[in-house]
Amino acid sequence: MSESHAIPQGVGNTVAAHVRLAITIQKYNPEIDTHPHDEIYHLEVPRGLTILDALIRIKNEQDGRLTFRYSCRSAICGSCAMTVNGAEQLACRTSVRQEWERYGDIRIAPLKNLDVIKDLAVDMRSFWEKTQAIVPWLLAETSPGAHPSGMNTYTFHNVDACIMCGACVAACTSHEADRRFLGPAALAKAYRFVADAREAEDARTARLAALQEPSGMWDCTRCNFCVQVCPKDVQPMEAIIRLRRAAIDRGLTHTEGARHVIGFRDLIAKYGRLNEGIMPLKVIGLNLRRFLDILPLGVRMLLKGKVPSPLHPSIKGVERVRAILERSGPRSDVSHLRPNVVDHANRG
Ligand code: FES
């Protein structure tokens with residue numbers, strides 16, 4: 001801890017009514033700054049003060065130029081998401097004292113991997129464009145007000161609790177590597193409609209077909225960070241896995257992601273364990289260009305003795321593994337149902 005972060009009172013005294021804490025805020029005004037920089041503010045912090053309360057007090061009492069977003073102050077609107085001590089959180093439900101007691105420091109920065117407009121306010125346009133891109137409305141055959149039997153709140157696996165705060169997108173490693181990736185929030189929103197029993201079956205298949213394109217559902221690397229940071233327990237990665245399962249169930253299997261899943265399953269069924277020597281060929285399928293793409297890597301691995309042997313026997317008791325897979329059921333093929341999502345929306 002640097003000298004400037006020293007706390008004159010309250011260190012280690014978790015019952016003190018007030019402690020004077022140093023709060024570091026990343027500031028950036030593109031009109032005058034070339035780079036973001038940190039500024040330190042000192043504040044008397046009573047127990048129960050949230051990060052958002054602290055920011056409002058700093059703005060009112062010390063720095064009127066400090067910029068950040070908020071609205072509801074009740075973890076409902078999603079507008080106060082930011083990075084607190086390295087983690088994406090809602091400022092209005094994050095306790096200053098608890099953060100201090102846990103980390104011995106309070107560092108506040110804007111959401112990562114989104115362009116900063118000023119200080120803690122980020123540009124959410126790409127977030128909303130991606131939400132718009134997944135066609136965020138029901139493509140229903142029946143009246144949207146109708147509730148088919150068997151449909152209840154569990155149908156959506158909590159994805160309908162999303163408050164669109166952007167924390168998951170900021171934490172997403174795939175989005176960090178490729179900003180075109182649709183991202184966990186938009187994909188979880190798409191699942192909300194795929195899971196809705198009122199969605200027309202051909203529209204659902206068309207929706208899944210669109211989502212399997214590059215930068216879509218198969219670009220998630222399952223790092224799980226979106227699940228960890230979501231303030232509403234939406235579990236976007238689980239929704240993405242359900243989307244993938246639904247796509248494969250409908251015969252949408254031409255992507256490398258889908259072939260990886262199917263190839264994995266087939267190899268486990270055959271050998272009882274993964275055959276890494278064959279797996280790459282399962283993934284690329286009968287694609288000569290992709291084969292030539294990976295050939296140099298394969299040759300280099302071969303020369304270094306890193307290519308696993310494709311010839312190995314099945315494990316003992318493989319029949320039991322096959323029985324388990326058998327119970328998971330066969331895949332259906334309805335790949336002929338691939339109408340255009342937008343066409344269907346226009347018909348509605
Ligand atoms: Fe609305 Fe924090 S201000 S979620």
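Modeller: C168 touches P184, A185, C226, V229, C230 and P236, leaving out residues up to four places away in sequence. This is a predicted model, in which local features need pLDDT of at least 70, side-chain atom pairs count only at pLDDT 80 or more, and totals for chains, interfaces and linings use all residues. Residues are numbered from 1 along each chain as its sequence is written.

Biologist: What makes P184 one that C168 touches?

Modeller: Two residues are in contact if their C-beta atoms, placed from the backbone, lie within 7 Å. P184 is among the residues listed for C168, so the pair meets that cut-off.

Biologist: Why is the set of 75 residues called a nonpolar core?

Modeller: A nonpolar core is a set of buried Ala, Val, Leu, Ile, Met, Phe, Trp, Tyr and Cys residues joined through C-beta atoms within 7 Å; buried means 20 or more other C-beta atoms within 10 Å of the residue's own. The largest such core has 75 residues, and those with the most contacts inside it include M82, C168 and L243. Helix α6 (residues 183-194) gives the largest share, eight residues.

Biologist: Why does this core lie between domain 1 and domain 2?

Modeller: Both domain 1 (3-122) and domain 2 (125-251 + 335-347) give residues to the core, so it lies between them. The domain bounds come from an automatic or database assignment.

Key: A residue is buried if 20 or more other C-beta atoms lie within 10 Å of its own, exposed if 12 or fewer, and partly exposed in between; C-beta atoms are placed from the backbone. Helices (H or I, at least four residues) and strands (E, at least two) are DSSP runs, numbered from the N terminus.
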